[in-house]
Amino acid sequence: MEAVVEGLWSLAEEAELRRDYGAAAKCLESLLQCGASLLPLVEIRTRLRLAHLLLSRSHNLNHAKAHLERALLLLSSARSAALHLKLSAHSLLARCYHLIGAIPSQKHILLRALDLLSSSAAGGSLPPAATLLWSANFYSHLASTLVIDGDHPGALSALSSGFTAAAELRSSELQLFFAASALHVHLLHWEDPPSVEATVRQCLELWESIPFDQRQHYIGLFFYNELLQTFYLLRICDYKGAAQHVEKLDAAMKSEQQKVQHVKELIAELNSVNRNLFQSNLQRRERLSLYEKQGQLQEQLRMATGVDSTNKLLDLDDKLLLAPPPMDGEWLPRGAVSALVDLMVVMLGRPKGVFKECGRRIQSGLQLIYEELAKLGVVDGRREVDLQHSAIWMAGLYLMLLMQFLENKVAVELTRSEFVEAQEALVQMKDWFVRFPTILQGCESTIEMLRGQYAHSVGCFHEAAFHFIEATKLTESKSVQSMCHVYAAVSYICIGDAESSSKALDLVGPVFRIMDSFVGVREKTCIIFVYGLLLMRQHNLQEARIRLASGLKIAHQQLGNIQLVSQYLTILGTLALQLHDTGQAREILKSSLTLAKTLYDVPTQIWVLSVLTALYREIGERGNEMENSEYERKKEDDLQKRLSEAHSRIHHLELIEKVMVKVQPLHEVAIRKAVAGPSANIDLDIPESVGLPYPQPAASASRLGEFDLVRRGKMKM
């Protein structure tokens with residue numbers, strides 16, 4: 001029997017090396033069919049190996065769960081069983097519970113494991129280093145579980161215990177793993193800014209403490225830390241600092257992709273050699289030659305990856321590992337990290353008007369996501385109730401990334417006045433939400449906000465205000481609510497009557513009083529802009545000038561958003577003209593026009609040109625007035641053509657109508673299935689890719705004199 005066991009275990013291992021996971025599973029299942037003739041420890045080891053295989057390489061979670069629960073039952077009565085088998089069983093079962101969404105069971109098994117570890121440590125059953133590593137493993141999983149439960153203080157406490165274990169091991173990389181995880185929790189639940197700042201500094205110091213020549217072996221940790229640092233800097237509106245991190249991320253991802261391609265080629269060659277070695281008719285010389293080639297390839301792989309185990313090499317093209325065994329965990333799969341880096345490039349490039357590169361990154365990110373979703377069975381016609389449990393978390397992750405890319409595409413196209421393209425991207429967002437309403441429930445407010453932005457951009461201000469107000473009801477984020485109130489206020493200002501102006505003031509007043517309470521200055525700059533517009537409506541020109549000048553300074557120095565700067569400059573130029581400071585008005589407006597041209601922003605160009613025409617008329621420059629007016633007319637014709645095309649499309653009315661997006665109610669069981677995984681609560685903590693709606697000037701100087709606002713507008717930062 002011993003020979004049978006060893007033989008089937010060996011065959012299973014060889015099948016895994018060939019990536020024939022079905023054959024490997026059959027070998028292990030055949031062994032389990034021996035029944036009572038198996039020794040308990042043999043059955044336990046076999047079930048653990050089979051469960052690990054099923055968890056890693058299949059969607060068969062129920063069978064994996066059954067094998068693990070049976071193994072754990074056998075272990076409880078097998079006193080001679082090694083402690084590491086019990087710990088492995090607990091760890092795998094916790095992972096299995098996580099994948100099927102059984103969070104209470106996962107928490108229970110993790111607490112049991114920690115109790116087992118504590119009692120064994122007191123008895124000296126494990127070496128101290130192994131005890132600390134297992135403690136770190138269970139505390140990291142427990143923290144993840146507590147985050148899903150919404151217990152952020154508990155998660156931070158668990159991570160602190162894990163960090164202590166890592167410190168006792170004197171492992172800088174493991175300490176960084178726990179510090180970065182704590183930063184992640186802080187970003188998800190921002191409550192104590194000094195603690196967040198301290199954790200950010202700690203992560204930076206820990207990364208610097210890792211010897212330079214060893215950092216290449218912790219590439220997964222590098223991406224995790226750098227992306228979290230980027231999210232933090234975006235949150236506090238330090239865009240220059242964020243840009244530096246994104247440059248490092250982009251360069252590292254390109255290098256990593258080249259390395260992965262090289263590793264894949266080596267693995268493919270190694271697999272070919274391994275298959276040839278299984279041939280029974282090889283000559284001795286041929287076999288020796290193949291063994292020599294095998295050794296060379298394994299050495300090349302070790303040099304390229306820093307991994308000694310041949311089995312672990314199989315996962316290198318799939319995973320960006322964060323920590324050493326027994327954790328071997330990843331934050332996001334490699335494809336998602338690659339897409340996220342592209343998304344960061346887009347988010348930092350879009351406000352600067354780098355639209356060509358943004359378009360390329362959006363396209364590559366979307367293509368990657370569609371490919372990954374197809375692998376998970378998310379194809380045309382499939383809905384969230386059709387997903388297998390094991391695919392829910394991963395599908396939710398890629399769907400959230402997909403919505404972020406589409407949101408940025410809408411933003412780019414609206415900025416460029418490509419209304420039809422923006423319309424198509426927004427319809428895609430709406431369709432994805434209808435198909436996956438539970439997984440994408442956090443996107444509902446964003447969709448309503450973007451419907452408002454689209455409506456405002458094409459001159460439908462009443463509809464825009466409706467969608468902005470509805471968006472505030474769909475989110476608990478004070479930041480998003482405040483921004484939506486600002487957007488709605490601008491739409492009301494553009495309507496132009498006294499009642500609408502009163503509504504705008506009612507919306508802006510409360511957020512103006514709390515604008516200094518937000519993290520960063522993104523909300524503040526937008527609130528000041530709209531407040532300045534309202535002061536102009538009230539003919540309080542000097543106060544408006546002071547407020548707008550302060551907002552411009554913040555927008556220029558801290559946000560680096562050239563569209564917002566252009567909008568500020570245009571308003572300030574208009575103010576300067578009304579105050580008869582024609583010299584300053586000319587300089588300001590020329591600067592604004594230059595920025596608007598850089599962005600291909602047709603409405604802002606028309607806005608600036610109309611004010612410049614009034615300026616030239618006032619100072620008597622008839623030639624410049626006529627030339628400017630003609631250029632303005634051409635731009636008006638261009639914009640009207642774009643608007644007419646957008647209005648004629650079938651989805652136009654669908655997007656602007658004052659009706660919320662309707663989703664088909666899910667069956668209760670289907671709802672439980674869809675929300676079982678953490679994907680419904682995924683929050684990558686990426687700031688919303690939304691900007692500022694702005695009014696446009698009237699076509700005549702008389703309207704400018706009244707400080708009224710045109711009936712057409714557009715918004716984006």
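## Cysteines

Cys484 counts as buried because its relative accessibility is 0%, where buried means under 20% relative accessible area, exposed over 50% and partly exposed in between, computed with a 1.4 Å probe on protein chains only. Cys96 is likewise buried, at 0% relative accessibility. A disulfide is taken as a pair of cysteine sulfur atoms within 2.5 Å, and by this rule the count comes to 0 disulfides.

The model is a predicted one, in which local features need pLDDT of at least 70 and side-chain atom pairs count only at pLDDT 80 or more, whereas totals for chains, interfaces and linings use all residues. Residues are numbered from 1 along each chain as its sequence is written, and side-chain values use heavy atoms, with hydrogens and water left out.

## Overall make-up

The protein has 31 helices and 2 strands, these being DSSP runs numbered from the N terminus (H or I of at least four residues for helices, E of at least two for strands). Of its 717 residues, 55% count as buried. Among contacts (heavy atoms within 4.5 Å) between residues at least 6 apart in sequence, 70% join residues at least 24 apart.

H5 has 18 residues, and the distance from its first C-alpha to its last is 26 Å, close to the 26 Å expected at 1.5 Å a residue; the expected span is 1.5 Å times one less than the number of residues. The helix is mostly covered, with 13 of its 18 residues buried, and Gly101, which follows H5, has a positive phi near 80 degrees.

His98 has its place in H5 and is buried, with a relative accessible area of 18%. Its C-alpha lies 9.7 Å from that of Trp393, although His98 and Trp393 are 295 residues apart in sequence.

## Helix H3

Helix H3 (residues 40-57) has 18 residues that should span 26 Å at 1.5 Å a residue, and its end C-alpha atoms are 25 Å apart, which agrees. Its buried residues include Val42, Ile44, Leu48 and Leu50, and also Glu43 and Arg47. The buried residues of H3 pack against helix H1 (2-17), helix H2 (21-32), helix H4 (61-77) and helix H5 (83-100).

## Helix H8

The buried residues of H8 are His152, Gly154, Ala155, Ala158, Leu159, Gly162, Ala165 and Ala166. They lie on the same side of H8, because they cover an arc of only 160 degrees around the axis, the arc being that of the directions from the helix axis to the C-beta atoms.

The face turned away from this buried side carries the exposed residues Pro153 and Glu168, while what covers the buried residues of H8 includes helix H7 (128-148) and helix H9 (172-188). At the start of H8, a side-chain oxygen of Asp151 reaches to within 2.9 Å of the backbone nitrogen of Gly154. Arg170, which follows H8, has a positive phi near 55 degrees.

## Nonpolar cores

A nonpolar core is a set of buried Ala, Val, Leu, Ile, Met, Phe, Trp, Tyr and Cys residues joined through side-chain atoms within 4.5 Å. The largest has 225 residues, of which Phe223, Leu340, Met344, Trp432, Leu440 and Tyr454 touch the most other members. Helix H17 (residues 389-415) gives the most to this core, with 15 residues. Apart from it lies another core, of 10 residues, among them Val263, Leu266, Ile267 and Leu290.

Definitions and conventions:
A polar contact is a pair of N or O atoms within 3.5 Å; within protein, one must be able to donate a hydrogen and the other to accept it, and residues adjacent in sequence count only if both atoms are side-chain atoms.
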